[in-house]
Amino acid sequence: MWKIGRQGINYLQQLNAANVHTASALLEKGQNRVIEASLTLIRERAKLKGELVRALGGATASASLLGVPLGHNSSFLQGPAFAPPRIREAIWCGSTNSTTEEGKELKDPRVLTDVGDVPVQEIRDCGVDDDRLMKIISDSVKLVMEEDPLRPLVLGGDHSISFPVVRAVSEKLGGPVDILHLDAHPDIYHAFEGNKYSHASPFARIMEGGYARRLLQVGIRSINIEGREQGKRFGVEQYEMRTFSRDRDFLENLKLGEGVKGVYISVDVDCLDPAFAPGVSHIEPGGLSFRDVLNILHNLQGDVVAADVVELNPQRDTVDGMTAMVAAKLVRELSAKISK
C-alpha cells in the first residue's frame, strides 16, 4: 500500500509543466483533507476520554496513550513503527493483573485512557513531508492536552517523535520543562546522516528550541565526540553507565521541575541491558537493569506532565514478546507516575 501511494505521488511530480499547477493544487487539497481527518479523530477521541474522566471526578492528572507509529527516521532498522499495537497488546494481555506496583488500577480511566494513533503512514502516503508531519504530531499532542486532566503518554515509534511531542508540551504549557531521558545513546547529533529529524537528533532540536531547561541523560554507553561536544554546548547532564555505581544514589533520588512547567520523561527501551530488552534496533550491552529504571522513576520527585516510551522493535523481539512486555510495564508505571 505504501509503494502504491508513493508511486502515485511520483507520477504526479512527473507530469508536464502545463499540468503541474493543477496537480499540485489537487495534491495539497487532498493532503489537507487527510490531515484534518486525522486530527479530527484524535480530537474527538480525546474529548470523549476527557469527558469520561471529568465525569468520574477526583483526578487532577490522567495519563492518556497516544501512539505515533513512526520508523522512517531510524538510521538502522525501521521496526519501531510497529511497536504501538504490540505495547497495547502486552498491557492488556491478561498474563498479569492491571494494578501498578504503586497500587493504581489501570482499568480506572482516571489512571489511563487511550486516544489511538496518529496515522503516520497514511499521512506520508499522501506525500506529506517531515516538516508537516512533525507539526501534525505536535498538534495531536496539544489536542490531548486540551482535554484537562489528560496528559499525553506517547508510544513510539523511533526516538525522532520526542522532538514534536516535547515541543507541543512546552508550547501548550507556556514554557520549558525538565527532561529525564533514559537511553543508551544521547540522541543529540546536530543532524545524523544529514537528517535533522533523525532518531539520533531529537534532543538537539529540543535544546535549540528552548523547550527544556535541564536535560538529564541516564544509561548512556554509546557516545562519541560529537555527542559529548553537543552535550557541553547545551549544558546537558550526561550520566554514563561506566559511572552508574557512583551516580546511583543521586539518580535514584532526583527532584526535577521546580521553577519550570513540569517534568517530561523519555524512555528509550535500549536504556536497558539487552538481557532485559533484546527487542531493540541498537543492542548495547552493559545497560541498566529493569529495577534500576523503576527505582529512578518511582523515586523521582516532580510533576510529570508527559512522557514517551520509544524504540521497541517488535521485529527483533523474542517469540513470546518479552521486550513488548517490558515496554508495557514501563507504560504501566509511567501511567501511575503521571496520574493523580
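Contact, as the word is used in these legends, means heavy atoms within 4.5 Å. The structure shown is a predicted model, in which local features need pLDDT of at least 70 and side-chain atom pairs count only at pLDDT 80 or more, whereas totals for chains, interfaces and linings use all residues. Residues are numbered from 1 along each chain as its sequence is written, and side-chain values use heavy atoms, with hydrogens and water left out.

**View 1**
Glutamate 333 has its place in helix H11, which covers residues 322-338; helices (H or I, at least four residues) and strands (E, at least two) are DSSP runs, numbered from the N terminus. Leaving aside neighbours within four places in sequence, glutamate 333 is in contact with Thr100, Glu101, Glu102, Leu294 and His298. With histidine 298, the side chain of glutamate 333 makes a polar contact of 2.9 Å, a term for a pair of N or O atoms within 3.5 Å, where within protein one must be able to donate a hydrogen and the other to accept it, and where residues adjacent in sequence count only if both atoms are side-chain atoms. Glutamate 333 is buried yet has no salt bridge, and the nearest side chain of opposite charge, lysine 329, is 4.1 Å away. Here buried means under 20% relative accessible area, exposed over 50%, and partly exposed in between (1.4 Å probe, protein chains only). A salt bridge is a side-chain nitrogen of Lys or Arg within 4 Å of a carboxyl oxygen of Asp or Glu; for charge, Lys and Arg count as positive and Asp and Glu as negative, while His and the chain ends are not counted.

**View 2**
Eight strands, paired in parallel, form an open sheet in the order S2-S1-S3-S8-S7-S4-S5-S6, two strands being paired if DSSP finds at least two bridges between them. Strand S2 (112-117) and strand S6 (237-240) stand at the edges with a single partner strand each, so one side of each has no neighbour in the sheet. From one strand to the next, the twist averages 15°. Although S2 is an edge strand, five of its six residues are buried, so S2 is largely enclosed by the rest of the structure. S1 and S2 pair in the parallel sense over four bridges, and serine 64 stands opposite threonine 113 in S2. Elsewhere in the sheet, strand S4 (residues 177-182) and strand S7 (residues 263-268) pair in the parallel sense over five bridges, with valine 263 in S7 as the bridge partner of aspartate 178.

**View 1. Helices H5 and H10 lying across strands.**
Helix H5 (residues 130-145) lies across strand S1 (62-68), S2 and strand S3 (150-156), and runs at about 145° to S3; axes are lines fitted to C-alpha atoms, for helices over the stretch in contact, and angles run from 0 to 180 degrees between N-to-C directions. Helix H10 (residues 290-299) lies across S4, strand S5 (212-220) and S7, at about 165° to S4. H10 is mostly covered, with seven of its 10 residues buried, among them Leu294 and His298. The cover over these buried residues of H10 includes S4, S5, helix H9 (244-251), S7 and H11.

Side chains of opposite charge can pair when their charged atoms come close. The salt bridges in the model number 23. In one of them, glutamate 171 pairs with lysine 142, the closest N and O atoms being 2.7 Å apart; this pair links distant parts of the chain, with glutamate 171 in helix H6 (residues 162-173) and lysine 142 in helix H5, 29 residues apart. Glutamate 171, with a relative accessible area of 42%, is partly exposed, and lysine 142 also counts as partly exposed, at 21%. Glutamate 146 and lysine 172 meet through their side chains in a salt bridge (3.5 Å, N to O). Glutamate 146 lies in the loop between H5 and S3 and lysine 172 in helix H6, so the pair ties together parts that are 26 residues apart in sequence.

Glutamate 208 forms a salt bridge with arginine 205, whose closest N and O atoms are 3.0 Å apart. The two residues are three apart in helix H7 (residues 202-208), and are therefore separated by about one helical turn. Arginine 205 is buried, with a relative accessible area of 9%, whereas glutamate 208 counts as partly exposed at 38%.
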